[in-house]
Amino acid sequence: MQLNLDLIDIASYEAEFEATSLTRAAPVGVSFEAAVSGVAAIRAAVQHVATQARMTTLKENADVVQAVEWVSTLDSKTSNQCRTLDKRRFKLTEGPRPPIHINCRSTVVAVTRFSKLFAEGATRASVGDDGPQQVRADLSYYDWLEQQPAAFQDKAIGRDVRQAVSRRRLEH
């Protein structure tokens, strides 16, 4: 099955290369925005194929894989949908699968009986107010966001939402 995943990686690379080439070589009269939306559609299609391949592999290993966990990008550009799904677990045959929107950068990872063991000391990438850094892998998007300054939170979710969340937390 490793061969299939390697082929998906190659296909992803080729699609990225083609998308970049498409943007640079857009015909006269095709706006940059139209070329970029084409690139976004190509990325979504590649991500869909990669997710389908990943899920096929995981389902074929259902004796080891117990569930999947949604992993979203930790930065200020993450969509509301993906922020909410981050760290949620779903049965192999249930739940949403990325991409759930154009420019979706989320993925799902396998949860096995060994996941807890491998999670000890694990980190994940983030781009917060202090720039790129590694943070604890067990942090959800909102746990991570709480550690960011208010100005960064405002940029990520909006001032009104941040204030409403803060008020709700104080009430409970």
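Student: Which residue is the bridge partner of valine 65 in S3?

Tutor: That's threonine 112. Keep in mind that this is a predicted model.

Student: How do you know that S1 and S3 count as paired strands?

Tutor: Two strands pair if there are at least two bridges between them. Strand S1 (residues 65-71) and S3 have six bridges, in the antiparallel sense, so by that cut-off they pair.

Student: What is the strand order in the open sheet of three strands?

Tutor: The order is S2-S1-S3, with antiparallel pairing. Strand S2 (89-90) and strand S3 (107-112) each have a single partner strand, so they stand at the edges, and one side of each is left without a neighbour in the sheet.

Student: What makes S4 and S5 a pair, and which way do they run?

Tutor: The cut-off is at least two bridges. Six bridges join S4 to strand S5 (residues 131-136), and they run antiparallel; therefore they qualify as a pair. Threonine 123 stands opposite arginine 136 in S5. With two residues between them, S4 and S5 form a hairpin.

Student: Which side chains of strand S4 point to the buried face?

Tutor: Along strand S4 (residues 123-128) the side chains alternate: Arg124, Ser126 and Gly128 point to one face and are buried. Buried means under 20% relative accessible area here.

Student: Which residues make up the largest nonpolar core?

Tutor: There are 11 residues in it, among them Met55, Leu58, Trp70, Phe90 and Val108. Helix H2 (32-60), S1 and helix H3 (80-85) each supply at least two of its residues. S1 gives the most, with three residues. There's also a second, separate core of nine residues, including Leu74, Leu139, Trp144 and Phe152.

Student: What does cysteine 104 touch, leaving aside its neighbours within four places in sequence?

Tutor: Cysteine 104 is in contact with Gln47, Cys82, Pro98 and Pro99. Cys82 and Cys104 both belong to the largest nonpolar core.

Student: Why is leucine 117 called exposed?

Tutor: Exposed means over 50% relative accessible area. Leucine 117 has 52% relative accessibility, so it counts as exposed. Its place is in helix H4 (residues 115-119).

Student: Which residues make the nonpolar surface patch of about 350 Å²?

Tutor: Phe114, Leu117 and Phe118 make that patch. Patch residues need over 30% relative accessible area, and leucine 117 is at 52%.

Notes
Residues numbered from 1 in each chain as written. Predicted model: local features only at pLDDT ≥ 70, side-chain atom pairs only at ≥ 80, totals over all residues. Heavy atoms only, no water. Helix = DSSP H or I, 4+ residues; strand = E, 2+ residues; numbered from the N terminus. Core = buried A, V, L, I, M, F, W, Y, C linked by side-chain atoms within 4.5 Å. Buried < 20%, exposed > 50% of the residue type's maximum accessible area, 1.4 Å probe, protein only. Contact = heavy atoms within 4.5 Å. Patch = residues over 30% accessible without salt bridge, like charges linked within 9 Å, V, L, I, M, F, W, Y side chains within 5 Å. Areas by Shrake-Rupley, 256 points an atom, 1.4 Å probe, with all protein chains shown as cover. Salt bridge = Lys/Arg side-chain N within 4 Å of Asp/Glu carboxyl O.
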